[in-house]
Amino acid sequence: MLDLLQRIIQEVNSAADHGRALEIIVRRVKRVLHVDVCSVFLVRPGTSELLLMATDGLNPECLFNVRIDFNEGLVGLVAQRAEPINLEDAPRHPRYKYFPQTGEERYRAFLGIPIVQHRKLLGVLVVQQREQRRFDDEHTAFLITLAAQLAGTIIHAELSGGMDALRLGSDDSDLSIRGVEGAPGVAIGTAWVAYPSANLSAVPDRVPADIKAEVRLFQDAVQSVQTELLRLKERMGRILPAEERALFDAYIMILGSDALTQRTVEGIRAGKWAPAALRDSIAENASVFDEMDDAYLRERGEDIRDLGRRLLMYLEKTPRQSGEGQPSKLVLVGENVSVAELADIDPDRLMGVISGRGSASSHVAILARALEIPAVMGAVDLPYGRLDGREVIVDGYTGRIYLEPGAQIRVEYERLQREEKELSEGLAERAAKPAFTPDGERVPVYVNSGLLADINVAFMAGSDGVGLYRTEFPFMVRDRFPGEQEQTRIYRQVLESVAPRPVTLRTLDVGGDKTLPYFPIEEDNPFLGWRGIRITLDHPEIFLTQVRAMLRANVGLNNLKVMFPMISAVSEVDEALALVRQAWSELVEEGVEAVIPEMGVMIEVPSAVYMAQTIASRVAFVSVGTNDLVQYLLAVDRNNAQVADLYRTMHPAVLRALIDVVHGAHAAKRTVGVCGEMASDPASAILLLGMGMDNLSVTVSGLSRVKWMISSFTRARSAEILESVLKLEDPVMIRETLNRELVRAGLGGLVRAGKR
Ligand code: PEP
Ligand code: MG
């Protein structure tokens, strides 16, 4: 059964379009389970109606015509209950309803399985049989597994292939894809898909600039793969028996066949770029074998896909001009958009980001916020291959994406964009001034930075300095560790542009979701593994090079602070401090006028919360990294969209931990601030102020908003609000209380800026 299931899923996933994917499901299920009918009904968006989208067995003329309300019939009952219904003699059930167009009266046995994703009912999968019988457990288990695995594909069908059929007068606004909020704001632009290399099914549709050149590209790729196969055959000739070597001949033969190459060339001539034409001809050729009963012949389908991947690799090696064909208002889309992919797009074109994986705390989202680019993360149901070139709206506030939106939605979002612009312009002035509470206390507000320093210089003008400079970004966009001189230059540029205000450079914090292409780390649980200070203490040569560069960059400026990430034990602080002193004394010996900078520790691991006083007493300051602290306290992966709803910065446990850190640091007579994203959310920042945090370090987009909040709330008032929300147990109620406080203070415009 498992083997059958995998084959169906593979076949469905490589279907040329989503209408065809549904057809494959019904056809294959009917055959595999030896039933008389298999049908898929999908929920019409925004209604409580199911529409027959595919069937093998019922009258094909009733496709898209049979509509069933959740209150009607057995299919409706499956939807209503969201559980399987297995009936020996369906017509005898009180909910049985006869739909004359379907010819259904002939079928007695009925098994309906709900198709559910993220607690949402998408449709119902039904099998039926003429004679009276009860489907056995194995049938039910098979269909439940299939429905669960295909829910994503079915959503794609809803969103692309079957969209028109589904629309049928329904409310446009429901045809959105749900992700999670990544970076606030609204973007309207054209999707540009960054797809993983050598992944045929992820290749997006694109139009080639020059068809002849595109055909040549493909023919060159065929030539190269042929040469490579001949070379492999020769090399294996000495090792493999003749029958095994025949495989290479088979590959070479398929490559030379019209079915593959000619079909691909035809596809290009019909207006597809070579990778998409190849994707389609491979899917077509492979599916012929997939349907065969003979296991040996079925394997040939895999051979064809393997050949396809090889050809695609060659096509991808061909340098296309950077920016070739890119839309001027570009929304970057990818299954798992990386920092490097984002940094690669011309910032003038980049309007928005959509990533299938990740959440608001992923580093790509943090980077998007720094660049003030709206982003939606965790949009698992994206039909990537079919998005390229289509208009999309990215709603970074609610985590929704609209594909080819209707006029009404577009107008609404354009209005929102205008309002946003007005609010930002109104706030810009505020960002430039220091933040005072209504009773005159000055609260330092720093900014977080890390990518191209120059982007943020203008905004830095209004801040009290840089509270967190993530040094790993320059490491991530290179193909080797940057040397001491190179790093000195980068840090000097930042320190100089912000001087005399302070800059807190954080030592290298890689591991977790931040990997360096040239320093791969393979771990089962990367966030609980070799990360941050753990790596740099194990590699003192990397740590010392970095600290030396920082100290050199600081000569004559003296606005450097150094901060250590991922500290989970006091001994790590002692070791890091000792290494900084070592770097300093080496430089002094070399005649460099280095000074020992102020040093601090990030509190982002629960053990550090409990040791806050001891840790703080060893350094000059501590800064809470709430992005990690929340994930470790609540055991919720910051990158996992599946559990994004559980990632709550306003969880009472988080608030209590933060209060403990403030007490610990103040008992040690040290300053304490927050540099995690929580500080950038005006509602949360009220609580941080109330706890007694000495400073906040925020994203560029949060600067003016948080300053506005500070100018409206005294410490005493914030402390009162904190006390009242600590009586609440539910993070959602805490959020609502704070939103009400913002509105009451006349800051309603800030309410939308954060949801968690
Ligand atoms: C944090 O964890 O809150 C933090 C600021 O560091 P990063 O997001 O880079 O892990
Ligand atoms: Mg962190």
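Modeller: The shell around ligand 1, in a model that is predicted, is made up of four nonpolar, five polar and eight charged residues; here Ala, Val, Leu, Ile, Met, Phe, Trp, Tyr, Cys and Pro are nonpolar, Asp, Glu, Lys and Arg charged, and the others, Gly among them, polar. There are 17 residues around ligand 1, and those that come nearest to ligand 1 are Arg470, Arg506, Glu604, Gly625 and Asn627 (near: a heavy atom within 4 Å).

Arginine 506 has a side-chain N or O atom 2.8 Å from an oxygen atom of ligand 1, lysine 514 places a polar side-chain atom 3.3 Å from an oxygen atom of ligand 1, and for arginine 638 the corresponding distance to an oxygen atom of ligand 1 is 2.9 Å. Taken on its own, ligand 1 has 290 Å² of accessible area, and the protein covers 100% of that (Shrake-Rupley method, 1.4 Å probe; for residues, only the protein chains shown count as cover). Helix 12 (363-370), strand 16 (466-470) and helix 22 (626-634) are the elements that give two or more residues to the shell around ligand 1, and helix 22 gives the most, with three (helices are DSSP runs of H or I with at least four residues, strands runs of E with at least two, numbered from the N terminus).

The magnesium ion, ligand 2, is coordinated by Glu604 through OE and by Asp628 through OD, at 2.0 to 2.2 Å (donors are N, O and S atoms within 2.8 Å of the metal, or 3.2 Å for Na, K and Ca; water is not among the atoms, so sites may look incomplete). Because glutamate 604 lies in the loop between strand 19 (598-603) and helix 20 (606-610), whereas aspartate 628 lies in helix 22, the pair ties together parts that are 24 residues apart in sequence. Glutamate 604 counts as buried because its relative accessibility is 2%, and aspartate 628 is likewise buried, with a relative accessible area of 3% (buried: under 20%, exposed: over 50%, partly exposed in between, with a 1.4 Å probe and protein chains only).

Since 10 of its 10 residues are buried, helix 24 is largely enclosed by the rest of the structure; among the buried residues are Pro682, Ile686, Leu687, Leu688, Leu689 and Met691. The cover over the buried residues of helix 24 includes helix 23 (652-667), strand 21 (671-674), strand 22, helix 25 (700-710), helix 26 (715-725) and helix 27 (731-744). Glycine 692, with a positive phi near 100°, follows helix 24.

Strand 22 (residues 695-698) contains asparagine 695, which counts as buried because its relative accessibility is 15%. Beyond neighbours within four places in sequence, asparagine 695 is in contact (heavy atoms within 4.5 Å) with Pro444, Tyr446, Val672, Gly673 and Val674.

Two further buried positions lie elsewhere in the chain. Alanine 187 is in strand 9 (residues 186-194) and is buried at a relative accessible area of 2%; apart from residues up to four places away, alanine 187 touches Met351, Gly352, Pro374, Val392, Ile393, Val394 and Gln417. Between alanine 187 and valine 353 the C-alpha to C-alpha distance is 8.7 Å, although they are 166 residues apart in sequence. Serine 39, in strand 1 (residues 37-43), has a relative accessibility of 1% and therefore counts as buried, and its side chain makes a polar contact of 3.1 Å with the side chain of threonine 55 (N or O atoms within 3.5 Å; within protein, one able to donate a hydrogen and the other to accept it, and sequence-adjacent residues only if both atoms are side-chain atoms).

Across the whole protein there are 27 helices and 22 strands, and buried residues make up 56% of the 756 residues. Of the contacts with a separation of 6 or more, 65% join residues 24 or more positions apart. The accessible surface comes to about 31500 Å², with 51% of it belonging to carbon and sulfur atoms.

Residues are numbered from 1 along each chain as written, and chains are lettered from A and ligands numbered from 1 in written order. As the model is predicted, local features need pLDDT of at least 70 and side-chain atom pairs 80 or more, while totals for chains, interfaces and linings use all residues; side-chain values use heavy atoms, without hydrogens and water.
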